[in-house]
Every structure is written in C-alpha cells, then in structure tokens.
Amino acid sequence: MESITISKIQNWKKNKKKIAAITAYDFSFSRLFSNEGIPIMLIGDSLGMTIQGHNSTLSVKIQDIEYHTKAVRKGSPNSFLLSDLPFMSYFGVKETLKNTAKIIQAGANMIKIEGGKWLVKTIKELSKRSILVCGHIGLTPQSVDYLSGYKVQGKEQNDAQRIIDEASILEEAGIKMLILECIPSLLAKKITENLSIPVIGIGSGKYTDGQILVMQDLLGITDGKKLKFVKNFLSDSGSIQNAVKKYISEVENGNFPNEKYSF
C-alpha cells in the first residue's frame, strides 16, 4: 500500500469514494488490515474495553495510547493512523500540546478529540502547529456518564441542530476530519453534505464519506448485547482476511450500513 495522506483522503471525499476504516491496537492485526487494504486505522480509547476489559473508556491513559500507537505503526507503515487523546488528557492547551507530541512521535498522523465548541481554542492552537485534528461528536464515549449511557444522539430537533452547529464550528476551528457516532442517518447526511472535510460514521448510517468499526465488533467477538449498527463480517467469510475484504467491499459499494444497521 502506498502512503495514505490527508490530501488523498480529502480527494476521496471530493470524488465520492467511500472510505473503510477500523480500530487497531497491535502489530499483528494492523499488518493484516494494511495487507487487505484498510487505509485508515484508529488507535482508539476503546482499548479500555476491548483490550483492558473495563466497562468504559475512562480508565485509558495517554501512555496506553502511546504504546498501542507504536505497535500499530510498526505493523502498518503506510496507513493513515489517528489516535485518541483519552479522557482528561486535553482539558488545557499546554497539557494537550504535551500529550499530542507524545502521540505524534509514537507514529500517529492525526489525533482525535471528543467534544463540541468548547474545543475551539484547543483545535486552533493545534492547527497553528500543523497538527492534524479529527473531531468526534454525537455519542462521545468519554461523556458516557453525563449522557446516562450509550444512547443515540440528535433524535430531537434541538439536539440535532446543536450537532449540526458543532460540526460547522469545529471545521471552522481547523479540524481536518470528523467522526459522527450514533446519530440518525439523515442527520449525518446533512452534516456530511455541509462540510468540506471527510466525515466518518459509526452507527450514523450510509450517507457519511466513510465508516469505521471496532475490530472486535467487525469480527463478532465482542461479548454482551450486540449494538444495532454492528455487523459480524466474519460469520460467513471463512477467515479474518476475507471478513476485512468483505467489509471494505460493502463500505465502498454503499451496501454497509443499510437500514438494518442504521438509526
């Protein structure tokens, strides 16, 4: 795979080429994903649940993201990596810059932060220093206690308008990519059409520029209640490699997610 850059990803949006992304946490799986053609991988704080076994992402430390980013980069030297800044690691500009430096030096191309307009100052400071930032709005797992659980966001008109406004504010502040999590598909469609930056959805319908899934969900190895937007691509694929190929194909062809996997 040739090196994936932000300009290439932006061109995919312009040319309406759908983007398949996935979470990755280690060398072996990142190598496999890269070999099968996954262009974007997220070293997510979801590792708090999938790797560490906690019931939320809140326990993850910057050292955890740094460690896993290094491992993923070794397995996928040419993929575009974005890494989460975990809970309470970006609440002051000075602290954010310090933690971002660690993640970029570990191998990330872009950092991801959760939240809305309160992040404007931070995003501007990062952008001034040529650091690529991905926003994350809708359902924000680091705010799970405040949101009273993992619930679809933007169903009410006022909340939908808030999310629309926040997306525009974040783009104006300087983010170069946006993740929309667990919002109605028509709301995600409106946001995607309003923005010039690539919009990646998870549980947000088929109209976004791309999709991302947690790798354990994609492979059907997550315990507990299955989320509505999750599809097990491994069940009838015969191998992990074929499951990843099927995921990429269905995203690029617009077959995933269909209404069954959307809100």
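**Salt bridges and the annotated glutamate**

Both E250 and K231 are buried, and in this predicted model the two residues form a salt bridge in which the closest N and O atoms lie 2.8 Å apart. This pair links distant parts of the chain, since E250 belongs to helix α10 (residues 240-252) whereas K231 sits in the loop between α9 (215-218) and α10, the two positions being 19 residues apart. Salt bridges with shared partners also join E125, K128 and R129 into one network, and the structure holds 12 salt bridges.

Among them is the pair D159 and R162, with 2.6 Å between the closest N and O atoms. Because D159 and R162 are three residues apart in helix α7 (residues 157-173), about one helical turn separates them. D159 counts as partly exposed at 21% relative accessibility, and R162 likewise counts as partly exposed, at 35%. A further salt bridge brings together the side chains of K8 and E2, at an N to O distance of 2.2 Å; E2 is exposed, its relative accessible area being 56%.

E181 is listed by UniProt, in an unreviewed entry, under "active site". The residue is found in strand β6, which spans residues 177-181, and with a relative accessible area of 11% E181 is buried. When residues up to four places away in sequence are not counted, E181 touches H136, I137, G138, L139, P141, I202 and S204. With one of these residues, H136, the side chain of E181 makes a side-chain polar contact of 2.9 Å.

Note on methods:
Residues numbered from 1 in each chain as written. Predicted model: local features only at pLDDT ≥ 70, side-chain atom pairs only at ≥ 80, totals over all residues. Heavy atoms only, no water. UniProt positions renumbered as here; feature names shortened; annotations may be inferred. Helix = DSSP H or I, 4+ residues; strand = E, 2+ residues; numbered from the N terminus. Buried < 20%, exposed > 50% of the residue type's maximum accessible area, 1.4 Å probe, protein only. Contact = heavy atoms within 4.5 Å. Polar contact = N/O pair within 3.5 Å; in protein donor to acceptor, adjacent residues only side chain to side chain. Salt bridge = Lys/Arg side-chain N within 4 Å of Asp/Glu carboxyl O.
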